[in-house]
Amino acid sequence: MLECRNLVVTYESTMVLENLSIYIGTGEIVALTGPSGAGKTTLLRCIAGLAKIVSGTIHLNGEEITTKPAHLRCIGLVFQDNQLFPHLNVAENIAYSLRLQRIKQKLVDEKVAEVLELVGLGHLSRREVIKLSGGEAKRIAVARALVAQPKVLLLDEPLSGLDKELHTRLLEDLGNLLRLRGTTTIHVTHDQDEAAKMADRVLDIRNLMQH
Amino acid sequence: MMINPYRSTSKWLAVVPVLMMLVFVVAPVSNIFITSLNIESFAIIARQTTRNTVWFTTWQAIVSTILVLLFALPIAAITANFEFFGRRALISLISVPFILPTVVVGAAFLELLPSTIHRSALAIIIAHIYFNFGLVVRLVSTRWQQIHPHLDDVARTLGASRTRLFLTVTLPLLKKSLLSAGLLVFLMCFTSYGVVRILGGPARSTIETEIYFRAMQLGDVSGALILSILQLIVVAILISLIMQFSRAKSAEFAQTVYSRIRKPQNSAQTLIVTLVAVTSTLVVILPLISVVRRSILVGQQINFSIWRSIFTDAEIFKSLTTSLRYAVFTVVISTTIGLLGACATVYGSRRYKFVNLLTALPVVVSAVTLGLGLIITFDVDPIDWRGAWLMMPVAHCLVAVPIVMRIISPTIRDLPNGLRDASQTLGATTWQIWRTVDLRIIQPALVTAAAIACAVSLGEFGASSFLVRRNNETLPLTISRLLARPGEIIQARAYAIATLLIVACIAIVGLVDHLGTNKRGI
């Protein structure tokens with residue numbers, strides 16, 4: 001389980017998160033909604049270890065990780081704009097975290113093939129990422145995060161900017177995939193409908209803060 | 001709020017570049033000013049000869065700049081707007097003169113131009129146009145491609161003719177890049193040394209050649225310093241203006257290249273494109289051909305023995321190996337130090353901007369003043385390095401480091417932080433992020449910087465003329481020495497060496513452009 005207690009984050013003297021607390025159970029999918037600028041992305045970045053917090057604590061499976069460096073947290077983040085590495089192809093992007101762990105090449109290839117099949121893009125393994133469509137890039141970003149077997153997966157508006165048909169299909173696929181793997185997930189979205197379809201619980205970030 | 005994974009490393013990254021600049025630039029330049037400058041020497045400013053030199057330096061630089069802009073603009077227009085056969089090759093070709101050693105350009109025009117205009121201002125101006133127009137084409141063409149083609153359409157639908165469109169939309173949008181390119185060309189012509197020494201003769205000297213003449217021929221170091229202060233002030237003003245325009249440009253334009261480039265739409269456009277492309281190609285290759293031709297012609301007879309002799313003549317072969325050794329040294333050292341400096345300034349907080357300023361000093365101070373400072377400072381115990389072989393390649397590195405840094409820095413700066421964040425969340429440590437993301441993406445820029453550093457070392461002439469000893473002459477110095485001696489065979493040897501340097505420069509431009517077109521993604 002993941003628990004944030006009384007998180008305070010400021011940016012250039014503006015309060016971004018004020019005494020925010022949230023609890024997410026193991027395997028649970030939580031959708032986080034709220035207006036633009038409410039601090040949804042900031043919260044994800046704090047949980048991932050990419051943003052500094054002024055005060056408060058973060059616990060993961062009972063261990064305090066508030067000051068733990070991002071690369072040691074085992075928390076995956078799918079960025080709104082994917083952030084696929086442009087100098088690596090699809091398979092190399094997915095294999096990135098496995099290579100860091102110095103896993104044998106044969107095993108890396110197997111895991112990459114497995115996760116590519118899971119997201120339905122087995123045929124694109126050698127493609128350059130700049131040649132992917134919006135939907136394909138999104139699936140690869142999810143696959144790259146999943147292959148690292150994160151304890152928690154953070155999705156920052158993963159379906160924004162996609163056309164309606166693709167949005168509906170990916171929403172369904174993503175929901176099934178996360179449930180199948182039992183991945184604890186926080187899914188940030190503007191779209192109430194998307195939140196309701198995807199998540200076990202829907203939370204408004206404004207209700208998580210104590211002023 | 002953001003966590004910068006590299007911030008804590010900036011101070012360590014900055015150590016070597018800062019030390020290098022302090023020891024080899026700040027210390028020697030301060031030393032000559034403290035020890036050799038005296039108040040009486042300021043009288044040199046009032047002398048008629050000095051005023052003539054300053055006036056000549058200024059007017060030839062102004063005329064050269066205007067002509068360079070006029071010549072480069074049509075070429076920038078066709079490369080920014082039209083697709084035609086050989087477009088990429090033309091862009092590569094026009095970049096060659098800019099990285100050619102100045103003595104090679106001087107030698108080429110000595111051969112190409114009629115002897116009646118040798119040793120004249122006209123010869124210097126023609127060589128300056130040749131040397132700099134490719135730089136203007138590259139800068140202006142890049143900006144031109146960033147003007148959204150829809151702006152042309154809007155102006156046309158509002159009733160603007162092609163001329164009005166150019167004058168009221170395109171030119172105002174290009175104004176800052178033209179000004180910035182113009183200032184850069186003015187700076188190059190104002191501080192020109194190799195071209196003026198070869199083509200100007202004793203009657204035509206710029207401030208830079210006068211500094212050399214005063215210090216080395218007349219032994220008037222103090223007078224030379226006054227001139228170098230004068231030049232330093234002008235250069236510092238020009239560089240600050242160029243930096244201001246560059247900043248304004250980046251704020252005004254998105255870093256996007258739109259699809260402006262199209263095939264010529266009618267026969268008039270085809271004719272103009274063909275004319276401009278053919279003329280510019282001829283302008284670039286004619287001087288180069290004249291160098292090659294002169295290297296195999298002795299008394300109107302083809303004679304390949306000249307080429308054999310440059311590999312069998314012990315002195316020439318020695319300078320060839322010396323140049324290659326120094327080039328390897330410069331590539332390794334300046335690329336490493338430039339990379340460290342670029343990383344320190346980009347990753348560090350605002351405090352690290354001083355590294356950027358400090359490493360720009362070798363450009364501001366000018367190669368001739370730098371050479372003068374080095375020989376005077378490192379000529380006393382316990383640091384009697386004046387005669388050490390290391391001194392000249394160190395000077396080459398000092399000239400190359402600012403260029404290397406300015407090639408690498410934009411690539412590191414433009415790298416989206418999100419990629420580093422993604423790498424971190426996938427389990428990469430700080431070192432792993434740098435190795436697998438930053439280093440991999442800046443690799444083409446790094447190779448480009450190394451190639452340019454190689455060209456800088458192979459062609460460096462200003463500082464080298466001060467630091468040369470009998471046993472460490474480099475190829476440009478050998479060319480200059482041979483050209484000053486009478487005899488057709490001796491001069492043909494100078495042209496054969498110049499041909500070697502031309503081939504090296506063409507290979508370097510080819511490599512750089514190949515990397516530029518092959519890099520993936522961002």
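**What the terms rest on**

Reply: In this predicted model, 45% of the 211 residues of chain A count as buried. Chain A holds six helices and nine strands, and its C-alpha trace spans about 50 × 40 × 30 Å along the principal axes.

Me: What makes chain A as compact as a globular protein of its length?

Reply: The radius of gyration of chain A is 17 Å, and the globule rule gives 17 Å for 211 residues, so the chain is as compact as a globular protein of that length. As for the contacts in chain A between residues at least 6 apart in sequence, 70% join residues at least 24 apart.

Me: Why are β6 and β9 of chain A called edge strands?

Reply: The open sheet of five strands in chain A has the order β6-β7-β8-β3-β9, with parallel pairing. Strands β6 (75-78) and β9 (201-204) of chain A each have a single partner strand, so one side of each is left without a neighbour in the sheet, and they stand at the edges. From one strand to the next, the twist averages 20 degrees.

Me: How do you know that β3 and β8 of chain A are paired?

Reply: Pairing requires at least two bridges between two strands, and β3 (residues 29-33) and β8 (residues 184-188) of chain A have four, in the parallel sense. Within this arrangement, A:V30 stands opposite A:I186 in β8(A). Helix α4 (residues 134-147) of chain A packs on the sheet, where it touches β6 and β7 (152-156) of chain A, and its direction makes about 175 degrees with that of β6(A).

Me: What makes β1 and β2 of chain A a hairpin, and which strand besides β2(A) pairs with β1(A)?

Reply: Strands β1 (residues 2-11) and β2 (residues 14-24) of chain A run antiparallel and are joined by seven bridges, where at least two are required for pairing. With two residues between them, β1(A) and β2(A) form a hairpin, and A:E12 in the turn has a positive phi of about 45 degrees. A:C4 stands opposite A:I22 in β2(A). Strand β4 (residues 55-60) of chain A also pairs with β1(A), in the antiparallel sense over five bridges, and A:L60 in β4(A) is the bridge partner of A:L2.

Me: Why is A:N82 called buried, whereas A:Q149 counts as partly exposed?

Reply: A residue is buried if 20 or more other C-beta atoms lie within 10 Å of its own, exposed if 12 or fewer do, and partly exposed in between. A:N82 has 20 such atoms and is therefore buried, while A:Q149, with 14 C-beta neighbours inside 10 Å, counts as partly exposed. A:N82 lies in the loop between β6 and α2 (90-100) of chain A, and A:Q149 lies in the loop between α4 and β7 of chain A. A:N82 is not a glycine, yet its phi is positive at about 65 degrees; A:Q149 is not a glycine either, and its phi is positive at about 50 degrees.

Me: How do you know that α5 of chain B is largely enclosed, and where is it kinked?

Reply: Of the 25 residues of α5(B), 19 are buried, so the helix is largely enclosed by the rest of the structure. Helix α5 (residues 121-145) of chain B reaches 35 Å from its first C-alpha to its last, close to the 36 Å expected at 1.5 Å a residue. A kink of about 40 degrees in α5(B) is centred on B:N132.

Me: What makes the span of α14 in chain B agree with expectation?

Reply: The 13 residues of helix α14 (residues 353-365) of chain B should span 18 Å at 1.5 Å a residue, and the end C-alpha atoms are 19 Å apart, which agrees. At B:T359, α14(B) bends by about 30 degrees, and a proline, B:P362, follows within four residues. Both B:T359 and B:P362 are among the buried residues of α14(B). B:S366, whose phi is positive, near 80 degrees, follows the helix α14(B).

Technical notes. Residues numbered from 1 in each chain as written. Chains lettered and ligands numbered in written order. Predicted model: local features only at pLDDT ≥ 70, side-chain atom pairs only at ≥ 80, totals over all residues. Axes fitted to C-alpha atoms, helices over the stretch in contact; angles between N-to-C directions. Contact = placed C-beta atoms within 7 Å. Expected span 1.5 Å × (residues − 1). Bend = angle between axes of the 7 residues up to and from the residue. Rg over C-alpha atoms; globule rule 2.2 N^0.38 Å.
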